[in-house]
Amino acid sequence: MSTPGISILEGKYMATMDLFPQQSKEFNQMTPFYEHLREGRFTTTKCKGCGAESFPPRVMCPECFSVDLEWIDWPTVGTVIDVTEEMVGVPLGFGKPPLIHALVDLQGKKTFFVRIINCNAGELKSGDQVRLSVFDVDPVPQEVGREVVEIPRVFYAFEPVK
Amino acid sequence: MDRKVCVVAGGMSKWGVRDGSQRDFFQEAAKACYDDNPLMDPKDIDGLLVASAYTERTSYQTHLAPLVAEYAGIKPKNICARVELLCASGSSAIILAYAMIKSGQADIVMVAGGEKLYTPQKWEVFYSELASVDHDWDSSQGLGLPPPVFAMVAKQHMKQYGTKKEHLAAVTVKNRRNSALNPKAQFQNAVTMEEVMSGRMIVPPLTLYDCCPITDGAAAVVLAVEEKAKEMTNKPLVYVMGTGQASVNNMSANMPNWTTWEALKIAGAQAYAKSKVSPDEINVAMTHDCFTISEIIEMEDLGFCKKGEGGVFVGDGQNDFGGKIPTNTDGGLLGCGHPFGGTGIRQGIEVMKQLRGDAIQQVPNATFGLTHNLSGFIAAHTVLIYGKEVR
Ligand SMILES: [Zn+2]
């Protein structure tokens, strides 16, 4: 990888330019979320004290401040409330326009505003079902001792249920 | 003794796609601020708060306040620090300057805000915007400072309340007409309803004209305790009356309502209560028109019209000169542009001028003015109320 104008960065990884989150345990305690994604599961943390199910997943319950939390499964299929299609200004890394997003009711758990993939422009409508879709993203070349090890990563979007 | 706080000077650099660096614009803003009030001696300024959101990303510069102090020719002794709340950084800094002066921690504080957003390659600013919302959970869905979010807000508002594309367009036509008369604004030309309605689609229903641009520039104001303010200016005194700033969620999944902005209602209620002013007493407002739909919802949730009637309200010109609440009289974000840290300060300057009576387009007998910012994924709201008197 070359970085024009800054030759000393040739081959260097920059976390500050990474559009996806760090997922390895050294840089994120929410590593199980991403491990579950690989299994096709959409999970979050539930408080064993008060029962609150928060999203994003937490270290501490924001309702009762307990740190006694457990991972639970949430639905992987939701219902589209409405759709947007971005024609201009799609950020680097999110493909060619249109970049499609939908407001999705995840069976009453939360209303997510998420990216929709594997979907043609104009295809998705209010009331349609969408499901979790997990994909690989660039691994992080992370220093482990004196070695540089590629840490694989995944991320998620939703896709139409056909 | 209750200390009262006044705005005694304000000025801004030219805003737009600018030649120059962040530090150049801060000097231009300081100069314009000093020129606004020749009676003021900048050497008397005892505190500096600097508002900038992207300084680390687009100028690779942290620890910005001492740099700005050095270039602005001031030597603060009570505070010299930066404040960041993205689009509301400038307003946040004014709130903190107000609090410092009111509490006796400082007497005369400069608040300067601005950004150099354009980089040698344009993709970088859009990419950097992925730092603006929850990076791990919303940015990674391709949402930066996201037109899709406001397109969704507009669609839901249209569905729930019958708001029309023409209502959105009316906001742009008004604000661009105002910016055309403001020599500091990014856009120096007015646009017609026909041009706006046939604009290039960005995210339906939002076209190019529904979205504020990316902007370089800076702005500065000076706040002072009343006793000193009286000696520092021969213009009418403008007071900060009360403020509110609220956040009830950050990530999109935790947004309580897409078309009624709960945090805005809370911030507004706080500001009105502390100022002892009601919405129908406000004579002029600068609200956060990052997208046209925002100004419509702000009219509703700030209490200038009934919930759901914002579209008809702006369509009827009720937030234009001669209407109920002249709004964004200097062009707003849609006309002036939006260098994040500068915006709240730009709004404060226009309200100061309106209340002093020397605005470019004057609202007759303006006594109370309001400024508002939203920031991030509509995740925080900031409201300030200014007046020619304090209650
Ligand atoms: Zn709990």
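Trainee: How many bridges join strand 1 of chain A to strand 3 of chain A, and do they run parallel or antiparallel?

Mentor: Bear in mind that this is a predicted model. Six bridges join strand 1 (residues 42–47) of chain A to strand 3 of chain A, and the two run antiparallel. One spot to look at is A:Thr43, which sits opposite A:Asp73 in strand 3 of chain A.

Trainee: What makes six bridges enough to say that they pair?

Mentor: Two strands pair if there are at least two bridges between them. Strand 1 and strand 3 of chain A have six, so they count as paired.

Trainee: What is the order of strands in that open sheet of chain A?

Mentor: The order is 2-1-3, three strands with antiparallel pairing. Strand 2 (53–54) and strand 3 (69–74) of chain A are the edge strands, as each pairs on one side only. Helix 1 (residues 31–38) of chain A packs on this sheet and touches strand 1 and strand 3 of chain A. The direction of helix 1 makes about 140 degrees with that of strand 1 of chain A.

Trainee: How many helices and strands are there in chain A?

Mentor: Chain A has one helix and eight strands. Read from the N terminus, the elements go α-β-β-β-β-β-β-β-β. Of the 162 residues in chain A, 44% are buried. The C-alpha trace of chain A spans about 50 × 45 × 25 Å along its principal axes.

Trainee: Now the metal. Which residues are the protein donors of the zinc ion?

Mentor: They are A:Cys47, A:Cys50, A:Cys61 and A:Cys64, each through its SG atom, at 2.3 to 2.4 Å from the zinc ion. The cut-off for a donor here is within 2.8 Å of the metal, so the SG atoms at 2.3 to 2.4 Å qualify. Along the chain, the donors follow the spacing C-x2-C-x10-C-x2-C.

Trainee: Why is the arrangement around the zinc ion called tetrahedral?

Mentor: The four donor atoms subtend angles of 98 to 117 degrees. Four donors count as tetrahedral if all angles lie between 85 and 135 degrees, so the zinc ion passes. For reference, the ideal angle for four tetrahedral donors is 109.5 degrees.

Trainee: Is A:Cys61 buried or exposed?

Mentor: A:Cys61 has 2% relative accessibility, and buried means under 20%, so A:Cys61 counts as buried. A:Cys64 has 33%.

Trainee: Over to chain B. What is the strand order in the open sheet with nine strands?

Mentor: The order is 3-2-4-7-1-8-11-10-9, and the pairing is mixed. Strand 3 (79–83) and strand 9 (284–286) of chain B stand at the edges: each has a single partner strand, so one side of each has no neighbour in the sheet. On average, neighbouring strands of this sheet are turned by 25 degrees against each other, direction ignored.

Trainee: Why is strand 2 of chain B described as largely enclosed?

Mentor: Five of its five residues are buried, so the rest of the structure largely encloses strand 2 of chain B. B:Gly47, B:Leu49 and B:Ala51 point one way from the strand, while B:Leu48 and B:Val50 point the other way.

Trainee: Which strands does strand 2 of chain B pair with?

Mentor: Five bridges join strand 2 (residues 47–51) to strand 3 of chain B, and these run parallel. B:Gly47 stands opposite B:Ile79 there, and B:Val50 has B:Arg82 as its bridge partner. Strand 2 also pairs with strand 4 (residues 108–115) of chain B, in the parallel sense over five bridges. In that pairing B:Leu49 faces B:Val111.

Notes:
Residues numbered from 1 in each chain as written. Chains lettered and ligands numbered in written order. Predicted model: local features only at pLDDT ≥ 70, side-chain atom pairs only at ≥ 80, totals over all residues. Heavy atoms only, no water. Helix = DSSP H or I, 4+ residues; strand = E, 2+ residues; numbered from the N terminus. Axes fitted to C-alpha atoms, helices over the stretch in contact; angles between N-to-C directions. Donors = N, O, S within 2.8 Å, 3.2 Å for Na, K, Ca; no water. Tetrahedral: all angles 85-135°; square planar, octahedral: opposite > 155°, others 65-115°. Buried < 20%, exposed > 50% of the residue type's maximum accessible area, 1.4 Å probe, protein only. Contact = heavy atoms within 4.5 Å.
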